[in-house]
Amino acid sequence: MTEIRLREVDLVPERTLGSPADDSPLRGRLTFGWDLLPADHEGVPASWLSYVRATPDREFRHLLMVVSFRPETPAGKGVFRHASLGVALSTPDPAARPVARLIDPGERTRPVTDSGTGLSFTVKAGVLDVGMTKPPGTGLAREEWIVRGHGASQPDPQWEFRSVGHVPLLGDHPVAALVELVPDRRNTAEVLLAAELEHHTWGIRRYRTHLTPALHPIALTQHPQNPSPSTT
């Protein structure tokens, strides 16, 4: 079990031609939280546990993150359409970087039903055959992705989030990475969040925020202890 504390994240608007004069950060609409767990903790996916046990000479951590999208408010207008979460894994040595060996989800889907409204028609031998109008909700259901992960076995995993059909981009969305650590180094993670919101007045606006280690440290390991100097 884990208990993740979500923290408010200010989304800074990207400046574009014609953007509103009041370009203050968007607050109260997005929260982010994380927890670092042992790679073999109770509840880890079975495939991850098998991977860890098959490589006993390596050290791993289970990095669990949650992005939470909140509804539109009078002070924070706009509807979430698309968002992304990028993680940059690093050590003080640029040539030695941790790697997200496995990520979850690769893809998370929701069933979406076609509206099924309108007239169906075909033309046979020059004769127009008009079909019946179908009421809403009677179309065929299909699976559409709402979360998609990229970058397995890379030091820069990323997840995309989107609204589909009548399913808004709201609520808590957990993602995770099985991180292979670099031995004898301080392993850290930096997070970049970006989002697109649709406004009634301004159209689509893009926002982003960089959770730097100085403000939001995600330490995957502690710095190795230096040996004490010898005394005579």
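Trainee: Let's start with Gly33: does it count as buried or exposed?
Mentor: This is a predicted model, where local features need pLDDT of at least 70, side-chain atom pairs count only at pLDDT 80 or more, and totals for chains, interfaces and linings use all residues. Residues are numbered from 1 along each chain as its sequence is written, and side-chain values use heavy atoms, leaving out hydrogens and water. Buried means under 20% relative accessible area, exposed over 50% and partly exposed in between, with a 1.4 Å probe and protein chains only. Gly33 has a relative accessibility of 1%, so it counts as buried.

Trainee: In which strand is Gly33 found?
Mentor: Strands here are DSSP runs of E with at least two residues, numbered from the N terminus. For Gly33, the run covers residues 30-38, and that is strand β3.

Trainee: Which residues is Gly33 in contact with, leaving aside its neighbours within four places in sequence?
Mentor: Contact means heavy atoms within 4.5 Å. With those neighbours left aside, the partners of Gly33 are Ile4, Arg5, Leu6, Leu64, Met65 and Val66.

Trainee: Strand β3 belongs to an open sheet, so to speak; what is the order of its five strands?
Mentor: Two strands pair if DSSP finds at least two bridges between them. The pairing in this sheet is antiparallel, and the edge strands, each pairing on one side only, are β1 (7-8) and β6 (99-104). The order of the five strands is β1-β3-β4-β12-β6.

Trainee: Which residue in β3 is the bridge partner of Arg7?
Mentor: Strands β1 and β3 pair in the antiparallel sense over two bridges. Arg7 has its bridge partner in β3, and that residue is Phe32.

Trainee: Now the aromatic rings: why is the pair of Phe69 and Phe80 given its label, and what is that label?
Mentor: Rings of Phe, Tyr and Trp (its six-membered ring) pair if their centres lie within 6.5 Å; planes under 30 degrees apart count as stacked, over 60 as edge-to-face and the rest as tilted. For Phe69 and Phe80 the centres are 5.0 Å apart and the planes stand at 70°, so the pair is edge-to-face.

Trainee: Which residues form one aromatic cluster?
Mentor: Phe69 is buried at a relative accessible area of 3%, and Phe80 counts as buried at 2%. The cluster is formed by Phe69, Phe80 and Phe161.

Key
Helices (H or I, at least four residues) and strands (E, at least two) are DSSP runs, numbered from the N terminus.
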